[in-house]
Amino acid sequence: MMRSLYSGVAGLKTHQTKMDVIGHNIANVNTTSFKASSIVFNELMSQTTQRASGPNATTGLAGVNARQIGLGVKSGAININITGQGSAQSTGNPFDIMITGENFFVVNNGLENFFTRDGSFYVDAAGNLAMTSTGYNVMGWQVDPETGNIHKDTVTALRIMSTANMTYPPEATSIAHMAGIIDKYDTDVTSVNGRVVNLNFYDARGYEYTARFVFRQSDNPDQYSLELEKILDEAGNEIDLGDGVLFGDASRTQTKAGKVSFDSTNYEWNAGKLYDKNTGELLADLNTMYTGYGTAGAVLKDLSEESDLKYNDKTTNAEITNTKTVQDQLDAIAKAYGYQGSTEDFLNLLVDAPAEIDTDGTTVLTPAAPGLSMQELINNLAISGGAEKLYGEAMTLPTFENLADDEVAEFDTVGRLFDGVLITFDTNTGLFSGINGQKTMTDAMLNLSSLGGYFSDITINFSEITSMNNKGTSTIGATSGSNDPNSRGVGSGRRLGDMIGVSIQRDGMIYASYDNGMTRLLGQIATAAFANASGLEKSGDNLYSATMNSGEFDGIGVDITANGGYMSTGQLEMSNVDLSSEFTEMITTQRGFQANSRIITVSDTLLEELTNLKR
C-alpha cells in the first residue's frame, strides 16, 4: 500500500481539525469574553530507509545523509489567545464589569472555584453577586467589622445586599460649628429679639431636632450674647428643657443700657397687688406667689401652682374669683412693664436698685451696686410685704410702689442676665476673639445628654465667625459636623438611611450609597492571576479551570490593580476573534484539504494502474 495514501488521510484529518478550530472561533464571534484559538501542525513521523553516515578518512568517502520518507502530518498544539484584550461593549448595567489586564474573576459553584473573564453579573434573591449565565457566586474579600477595611483572606461569596447592608444606622450629632458674618448694624442683631440661628441635629435614633439660638448685641458692639432659646422636634413641638442650663453658664451678665416703663394708665400696684385699672381685675398678688410673704424668707412658689385671686368688678362691684398660676401672674407683671410674651427677658433685666430695705419698707439701709435683676426686685417687694416704696429719697429710680394716677415708674436698665455664652470679636480686625473673655476658648458645649434618652452632647465651634461690614446683613449660620477641612461632616449625625445604589470601583471595591448621604464598603471583588494563563483548561460556560501548567490558585487571589489592571462597570469584554484573520485561515485550510484529497485520488490512480498489470 502506498505511504502517500496515508499521508493524504493524515493531511485531511489535521486540516479538518483546523477547520473545527476556525469554525469554533467564528461561532463564538459574539460570545462575551471569548478567547480565539489557533492550531499549529507538526510532521507526523518519518520512515528511515538508510541512516546517516559520516565521512570515512580511510576510504576517502564522504558522509551520506539519512534517507527518510515522511508519513504525514498531525496537530501540533491548539493555542488560546487568552491574553488578547477584547473590545469593550457598553451595556449601562452597573453589575456588568470588564477587566482590563490579564486577571480573571473567581466564581464558585458551591464546590470548587472557576475562573472567567465574563463579567456579566447580577444580584440574586439572597443578595449575592453572581454570574448571570450560571448563577455561580462571585468571590471576593469581606470587610473587617473592627477596622472597616478589606481583610484579604480566603475568598468567599460576596453577599452585598444582606439585610444588614440595606440600611445605614442613625447617629447622634456630636459636633457642630457656626460660621459667617455678624454685621453690627443688622437690625435683627440690634433688636430686642436678636438674630436667630437654627442648628439642625439628630439624636441617636435618627430623629431630627432644631436648636434655636439667639445672638443679641451688647452695648459693646464687639460683644454678643448667645443663648439657647428652645429646641423643637420634627413636628415643631417644643422640647421640655428642664431646669438645668443646657448651654453655657447660668446667669451670665450682658451689658445693655435701656429703659423699662410701667404702664400706669392701665395698671396699678397696691400693697403688693397688681390690678387692671379699667376693670379692677386682680392680675397678680405677691402674697399668693410667695411662701413666707412679707418675711426675709419669702421664696417664689412653683410656677405651675394655682391660686384663687378675688376682686370686685369695677362696673358691677360683684366679687369675682379668677384662678391663676404663679406663671400667669409673672406674665401679667411683665406685660404691665411692656414685656408681653417675654416674661423671662423681663425678669432678667438688670437695674440700679437698693439691696436692703428697712422693715417698714420705706427706708433704704444700704444702696446696692448696679446690677439687681427685676426678679430680685419682685422678691424684695414680697419680702417687704408689699410696702409702698423700695427706695429712699437719695435714689432716683422709681420701682414697684403704690403709684398715683399721675406717676410713671421708669427704670434705667444696665444689662441683663442670660443663660449662655458671650462671644467676643477683635476690635481691630473683627475676627473671632474668644468666648466669655477667654481668647483661647473656641468651643462651647450644648449639654443635651442631661435631657436623657437618646440625646448626646454637641460641641459647637465658633472660630469661623466674624463681625464685619456686610451692608447691614448678617450671614451667620450653624451647621452640624466638624469645620476641619480634613474631617468635614464628622460628628454631623444622621437619620436612618435606606440603600439607594451600589457602585463598583476600578479596584473592585463595592460601595453602597444611602439616602442619608452615607456610603459603606461592602466588599471587594478578588481576581486570580496565573503565570501561564494559556495553560488554563476550558470548562464550558465561559469558565476555565486551573491546571498544573497554568499554576495553582492560592485561594486568596490578588488585587487587580497590583498588576496594573482595572475594572470598568457598565461594560463587557467582547470576543477577541478577528474575522478577517479567521476567513483567511479558512481559505488556506480549504486549499490544504483539497490538496490532500488530491494525494489520495492520485495514489488511488497509481494503485489502479498497478492492479491493471495483471490483465
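Me: Helices and strands are DSSP runs, numbered from the N terminus. With that in hand, where is S33?

Reply: One caution before we start: this is a predicted model. S33 sits in the loop between α1 and β1. Its phi is positive, near 60 degrees, and S33 is a residue other than glycine.

Me: Is S33 buried or exposed?

Reply: Use the cut-off: buried means under 20% relative accessible area. S33 has 4%, so it is buried.

Me: Which loop holds D541, and what is its phi?

Reply: D541 is in the loop between β37 and β38 (543-545). Its phi is positive, about 55 degrees, although D541 is not a glycine.

Me: Does D541 count as buried or exposed?

Reply: The cut-off for exposed is over 50%. D541 has 54% relative accessibility, so it counts as exposed.

Me: What lies in between?

Reply: V40 has a relative accessible area of 38%, so it is partly exposed. V40 and V196 are 156 residues apart in sequence. In space, C-alpha to C-alpha, V40 and V196 are 84 Å apart.

Me: How do I describe two packed helices?

Reply: Give the angle between their axes and the distance between the axes. Take helix α1 (residues 3-27) and helix α7 (residues 579-612). Their axes come within 8 Å and cross at roughly 160 degrees.

Me: Are α1 and α7 roughly parallel or antiparallel?

Reply: Angles over 145 degrees count as roughly antiparallel. Therefore α1 and α7 are roughly antiparallel to each other. Their crossing is left-handed. By class, the contact of α1 with α7 has 13 nonpolar, 13 polar and 3 charged residues.

Me: What follows α4?

Reply: G338 follows α4, and its phi is positive, near 85 degrees.

Me: How many aromatic pairs are in the whole structure?

Reply: A search finds 14. One of the pairs is F104 with F530. This pair is edge-to-face, with 6.1 Å centre to centre and 70 degrees between the planes. F104 lies in strand β7 (residues 104-108), and F530 in the loop between β36 (527-528) and β37 (537-540), so the pair ties together parts that are 426 residues apart in sequence. F104 and F530 are both buried.

Me: What about F105 and F121?

Reply: F105 and F121 also form an edge-to-face pair. Their centres are 5.0 Å apart, with 80 degrees between the planes. F105 is in β7 and F121 in strand β9 (residues 121-123), so this pair ties together parts that are 16 residues apart in sequence. F105 has 0% relative accessibility, so it counts as buried. F121 is buried too, with a relative accessible area of 1%.

Me: Which residues do ring pairs link into a cluster?

Reply: The cluster holds F104, F115, F530, Y544 and F553.

Me: Which charged end sits over the ring of F104?

Reply: That of R117, 5.9 Å from the ring centre. Now find Y566. The charged end of R506 sits over its ring, 4.1 Å from the centre.

How values were computed: Residues numbered from 1 in each chain as written. Predicted model: local features only at pLDDT ≥ 70, side-chain atom pairs only at ≥ 80, totals over all residues. Heavy atoms only, no water. Axes fitted to C-alpha atoms, helices over the stretch in contact; angles between N-to-C directions. Helix = DSSP H or I, 4+ residues; strand = E, 2+ residues; numbered from the N terminus. Parallel < 35°, antiparallel > 145°, perpendicular 65-115°, else oblique. Left-handed = near helix turned anticlockwise from the far one by under 90°. Nonpolar A, V, L, I, M, F, W, Y, C, P; charged D, E, K, R; others polar. Phe/Tyr/Trp six-rings, centres within 6.5 Å; stacked < 30°, edge-to-face > 60°. Buried < 20%, exposed > 50% of the residue type's maximum accessible area, 1.4 Å probe, protein only. Lys NZ or Arg CZ within 6 Å of the ring centre and 35° of its normal.
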